[in-house]
Amino acid sequence: MRAAALLLAATALVSGCARTQGLGYYWQSLSGHVDLMWRARPIDDWLADAGTPGALKDRLLLARRLRAFAVSELDLPDNASYHRYADLGRNAAVYNVVAAPALSLSLQTWCFPVAGCVGYRGYYREADARAFAAGLDRGLEVAVYPVPAYSTLGWMNWAGGDPLLNTFIRQPEGELARLLFHELAHQVVYAKDDTTFNESFATAVERLGVQRWLAQASTPGARVAYEAFDQRRRAFRGLTASVRARLLAVYGDASLDDAAKLERKARVMAEFRREYEALKAFWGGFAAYDPWVARANNALLGAQGAYDQLVPGFEALFAREGRDFARFYDAVRTLAALPQAERHQRLQALAITR
């Protein structure tokens with residue numbers, strides 16, 4: 001019974017669930033994660049299997065190198081996670097639902113005992129996610145998006161840990177490193193009820209970790225490929241950060257009524273799409289962000305902001321701690337013990353003085 005209870009609690013970490021949630025949501029969360037764990041086999045088994053494609057074997061060997069590097073160079077947890085692999089037969093581990101009001105970037109949250117309140121809600125079947133999204137209040141802006149990986153925060157290490165998945169194993173080397181370092185960071189520090197703190201911390205670890213990996217252990221060409229991709233990502237994130245700032249100014253303007261705010265919001269979003277087209281032209285037509293831009297709304301912008309908002313503060317903290325990961329993690333744990341407002345203020349102050 002204890003093992004079953006732990007499994008149920010850990011699988012709920014995929015997303016938040018409302019306090020009034022019925023058994024249906026818990027069941028899809030439990031059964032979905034059990035299926036994922038059931039499909040996972042040790043990397044050695046896949047490598048020894050004559051039926052495993054050579055390209056997959058190469059990626060599993062790379063993942064093994066990344067996992068060892070995460071422990072030896074980034075001081076990330078040395079545990080059962082990412083020593084097994086599973087093919088889910090689909091393109092996403094889960095599908096997240098996010099929602100925000102028409103005049104706010106603050107995400108709707110769902111709460112439960114283990115992870116606290118989080119600004120997203122995950123489903124193992126896309127149809128279930130879209131059905132839930134369709135039933136939300138019509139006054140909310142809603143988005144559904146695929147998630148290649150999620151963390152059970154170390155709760156499932158007793159059962160084999162979080163596995164490598166087909167949903168991300170074939171990503172370019174730098175991207176695979178980024179994802180693994182991000183998810184392992186969630187097992188180091190987790191502040192209940194603070195999605196922005198948690199995701200910004202993991203994003204900082206992924207960026208710092210990838211920099212070290214590319215400098216010390218990457219394969220030939222990986223750095224060039226990653227830098228080209230990362231330059232576009234940083235430019236796009238810079239653009240969306242500017243859009244969020246403009247929208248927040250509109251939403252917070254007490255001199256405007258709601259109708260005027262909606263009109264100005266429409267202008268900001270139109271400007272965003274024009275600016276994106278100019279950026280895309282500068283990139284020579286690189287169009288990977290087109291689907292995101294086409295669906296952009298308060299929910300997507302708010303969700304993206306959670307991953308970016310406090311990253312400069314964490315990077316400044318890392319520098320303050322002598323670029324030593326163990327000291328950095330201790331400093332982050334100290335922050336996580338503070339009230340949410342105070343920890344955010346301290347990180348914002350660090351970002352200003354960096």
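Author: Start with the handedness: helices α7 and α12 cross in the right-handed sense. The model is a predicted one. Helix α7 covers residues 195-216, and helix α12 covers residues 311-320. Their axes come within 8 Å of each other. The crossing angle is roughly 55°. Angles under 35 degrees would count as roughly parallel, and 65 to 115 as roughly perpendicular. The two helices are therefore oblique to each other.

Now look at the residues in contact. On the α7 side, they are Phe 197, Ser 200, Phe 201, Thr 203, Ala 204, Arg 207, Leu 208 and Arg 212. On the α12 side, Val 311, Phe 314, Glu 315 and Phe 318 meet them.

Next, helix α6. It spans residues 173-185 and holds Glu 175. Is Glu 175 buried or exposed? Its relative accessible area is 7%. Buried means under 20%, so Glu 175 is buried. Its side chain has a polar partner: the side chain of Arg 233, at 3.0 Å. Arg 233 is also among the residues that Glu 175 touches, leaving aside those up to four places away in sequence.

Turn to the sheets. One is open and has 3 strands, in the order β6-β3-β7. Its pairing is antiparallel.

Strand β3 runs over residues 94-101. It pairs with β6 through 3 bridges, in the antiparallel sense. Take one example: Val 97 has Arg 121 in β6 as its bridge partner. Helix α5, residues 126-134, packs on this sheet. It touches β3, β6 and β7. The direction of α5 makes about 15° with that of β3. Helix α11, residues 298-308, packs on the sheet too. It touches β3 and β7, and its direction makes about 55° with that of β7.

Gln 28 brings in another helix. This residue sits in α2, which spans residues 23-39. With 11% relative accessibility, Gln 28 counts as buried. A polar atom of its side chain lies 3.3 Å from the backbone oxygen of Gly 122. Gln 28 also touches Tyr 123 and Tyr 124, besides Gly 122, when residues up to four places away in sequence are not counted.

Strand β2 takes in residues 84-86. It runs antiparallel to β1, and 2 bridges join the pair. In one of them, Pro 42 has Arg 84 in β2 as its partner.

Notes:
Residues are numbered from 1 along each chain as its sequence is written. This is a predicted model: local features need pLDDT of at least 70, side-chain atom pairs count only at pLDDT 80 or more; totals for chains, interfaces and linings use all residues. Side-chain values use heavy atoms; hydrogens and water are left out. Two strands pair if DSSP finds at least two bridges between them. Helices (H or I, at least four residues) and strands (E, at least two) are DSSP runs, numbered from the N terminus. Contact means heavy atoms within 4.5 Å. Axes are lines fitted to C-alpha atoms, for helices over the stretch in contact, and angles run from 0 to 180 degrees between N-to-C directions. Buried means under 20% relative accessible area, exposed over 50%, partly exposed in between (1.4 Å probe, protein chains only). A polar contact is a pair of N or O atoms within 3.5 Å; within protein, one must be able to donate a hydrogen and the other to accept it, and residues adjacent in sequence count only if both atoms are side-chain atoms. Angles under 35 degrees count as roughly parallel, over 145 as roughly antiparallel, 65 to 115 as roughly perpendicular and the rest as oblique. A crossing is left-handed if the near helix is turned anticlockwise from the far one by less than a right angle, and right-handed if clockwise.
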